[in-house]
Amino acid sequence: MDYLPLFHNLKGRRIVVVGGGEIALRKVRLVQEASALITIIAKDYCPDLLEMEAKDKADGCSGLELITASYEHHHLLQYPDTVMVIAATNDRGLNRLVSECAQAANMLSNVVDDPEFSTVIFPSIVDRSPIQVAISSGGDAPVLVRLLRTRFESLLPAGMAKLGSLAGSFRERVKNKFANGADRKAFWEEVFYGPIAEQAYANNLEEAERLLADKLESTDEFKTGEVYLVGGGPGDPDLLTFKALRLMQQADIVLYDRLVSKEVLNLVRRDATRIYVGKTAGDHPVTQDNINQKLVDYALEGNRVVRLKGGDPFIFGRGGEEIETLAEHGIPFQVVPGITAASGCASYAGIPLTHREHAQSVRFIAGHLRSGKMNLNWPELVQPNQTLVFYMGLNGMETICQQLKEHGLDSTTPTALIEKGTSDRQQVFVGDLDTLPGIVRSAGAKAPTLIIVGTVVSLHYKLAWFNNSDNKLEGVINKSNEV
Ligand code: SAH
């Protein structure tokens, strides 16, 4: 190990910075965040530093002192309480001299961009104070460090800071209740890996605090369960949100639909119980009431239940009904949006749903047949400059195309059907209101499919990017039916 990472408590301790430009400014801002006393020595100062000093004075803080002078050794001797010196001028020789003086006085020394002359170096920081992650390559690979930092930034929920502070405020009480370290650890693991943490991440701090206080008071083993209604997206597991993935990996029980892809389901925690509650057209193995009741029962048993749905739970997903039942039973729940089929399929087929020259509005429509009929407000749907997206429309495709023509849409209006959108089995069939049904039937397309109607569909030829060259069948169909 070339460096030992430590976290330095700088509150009220003196840092001397040599240099008054932009580089110094960055370091000053950082150590100021850590509440250090700062003395800066420089011949000139950039406006931001002058402003910081003025603000500091106006606030009556006197935590920032600017000395206008060329650096000399006696400056450091004047401040024997200094814990660290930062050399941040653009003169390499001067920086090194400052570092030598600091080291001679047994002070920590940092030379910006010159690890060789530093005794300490600044890491890259992911700050969710009190939770902090410091990353360093010892100066060898700063770009790699930056990439890693981006990863950590996206991995750590923004609410981690709040959770950390909440835990801090309960630390003593938890210590007093559990004398045994193992019990304490088990307690905190349950807190950080369940509804209390989720409430803090969701910014429901009062609720998180109440649950934590209850948990600490409770003498029995009773745990509060929670239900997460999670959108699993249209198929490609890369389209899951961070939150969806986190909750899927914490679940005790997962109830999932037919539309949830195998790849998405594979990301559920390995030892979670998986329960299929899907419906296939005309065949309802588990009724909606039954699903609603199951969610309530499992949560009341204290489980973390994920109700995993294809796409977005609030778009043709009956998500509203499921959480209504939960709300009636007072069970805590959260809803995690997912990428709905329209967004996923349109993007992966290279069909923008709106476009300045084609469509200024888009409508999502349930296109299923009920007793062989489709009761839709057709005159509204045939308005110009509008894209129509039909969910559940495969069986009723002929009716959809026919009705749109009868109500005034041109029969040559570009129309696409996307089968298994965003998956590696995605197929895109393009034609118009006259030709598409025949193309789709002869190709034997199978659900799930999505129908897009409107001139935006013509952009597919230019903009298709996904799975494009591999899809021979699509290529042939597209060529012979260009619109
Ligand atoms: N809640 C879901 C929609 C459920 S309704 C969402 O937001 O996407 C089911 C319909 O969604 C299917 O009949 C189909 O029209 C559409 N659908 C879902 N996933 C799809 C996919 N990968 N490709 C094409 N259509 C899809």
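## Helix α7 and its buried face

In this predicted model, the buried residues of helix α7 include F187, W188 and V191. These residues cover an arc of only 90° around the axis, which puts them on the same side of α7. An α-helix has 3.6 residues a turn, so residues three or four places apart point the same way. A182 and K185, by contrast, are exposed on the other side of α7.

Helix α7 comprises twelve residues, 181-192. From first C-alpha to last it reaches 16 Å, close to the 16 Å expected at 1.5 Å a residue. Its buried residues pack against three helices: α6 (160-177), α8 (195-201) and α9 (205-217).

## V453 in strand β17

V453 lies in strand β17 (residues 449-453). Its relative accessibility is 2%, so V453 counts as buried, the limit for that class being under 20%.

When neighbours within four places in sequence are left aside, V453 is in contact with Q386, T387, L388, F390, L404, L409, T413, P414, T415 and L433. V254 stands 199 residues from V453 along the chain, and a distance of 35 Å separates their C-alpha atoms.

Conventions
Residues numbered from 1 in each chain as written. Predicted model: local features only at pLDDT ≥ 70, side-chain atom pairs only at ≥ 80, totals over all residues. Heavy atoms only, no water. Helix = DSSP H or I, 4+ residues; strand = E, 2+ residues; numbered from the N terminus. Expected span 1.5 Å × (residues − 1). Buried < 20%, exposed > 50% of the residue type's maximum accessible area, 1.4 Å probe, protein only. Arc of directions from axis to C-beta. Contact = heavy atoms within 4.5 Å.
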